[in-house]
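Please keep the sequence and the model in view while reading.

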Amino acid sequence: MSTDTTDETIRYTADVVLLAAGHVLLIERDWDPFKGWWALPGGLLDTGESSLDASVRELEEETGITVPADDLRQVGAFDAPGRYVSFAYTATLPALVEPTAGDDATAARWWPLTALPDLAFDHADILARATAG
């Protein structure tokens, strides 16, 4: 077993799996990495911000949809190699709400859970855990 003593800077993100009527809300990324790919709404935590607060903020910034923090439940923490550590949250709306793309998203739309595009990062794994059981 080799020991790598290089210091690593850890960056934290928050992602949101927002569900409604058999659909999940995704954004089309406007920049690299994965520019043009579909992803869960989310992004980096601001200094002094909790992952829960970041998830509420990022969802609103990227899709125009506001979900109260009390309505979100944590799915888990994800730390795939080569990716930041992401705290994922989920909520279910009673009906589809029209999104408005903003911030670093070129588009925001609801996708049927049965007909998803390829997803950026490890978002397919996050979505699978959020919708399991």
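From the N terminus on, the elements of the protein chain follow the order β-β-β-β-α-β-β-β-α, which comprises 2 helices and 7 strands. Helices (H or I, at least four residues) and strands (E, at least two) are DSSP runs, numbered from the N terminus. The radius of gyration, taken over C-alpha atoms, is 15 Å, close to the 14 Å that the globule rule gives for 133 residues, so the chain is as compact as a globular protein of that length. That rule is 2.2 Å times the number of residues to the power 0.38.

The model is predicted: local features need pLDDT of at least 70, side-chain atom pairs count only at pLDDT 80 or more, and totals for chains, interfaces and linings use all residues. Residues are numbered from 1 along each chain as its sequence is written, and side-chain values use heavy atoms, leaving out hydrogens and water.

Buried residues (under 20% relative accessible area, 1.4 Å probe, protein chains only) make up 42% of the 133 residues. In helix H2 (residues 123–131), the buried residues are His123, Ile126, Leu127 and Ala130. Seen down the axis of H2, they fall within an arc of 95°, so they line one face of the helix. The arc is that of the directions from the helix axis to the C-beta atoms. These buried residues pack against the strands below, where contact means heavy atoms within 4.5 Å.

| Strand | Residues |
|---|---|
| E1 | residues 12–20 |
| E2 | residues 23–29 |
| E3 | residues 38–39 |
| E5 | residues 73–78 |
| E6 | residues 85–92 |

After H2 comes Gly133, whose phi is positive, near 60°.

Definitions and conventions. Buried means under 20% relative accessible area, exposed over 50%, partly exposed in between (1.4 Å probe, protein chains only).
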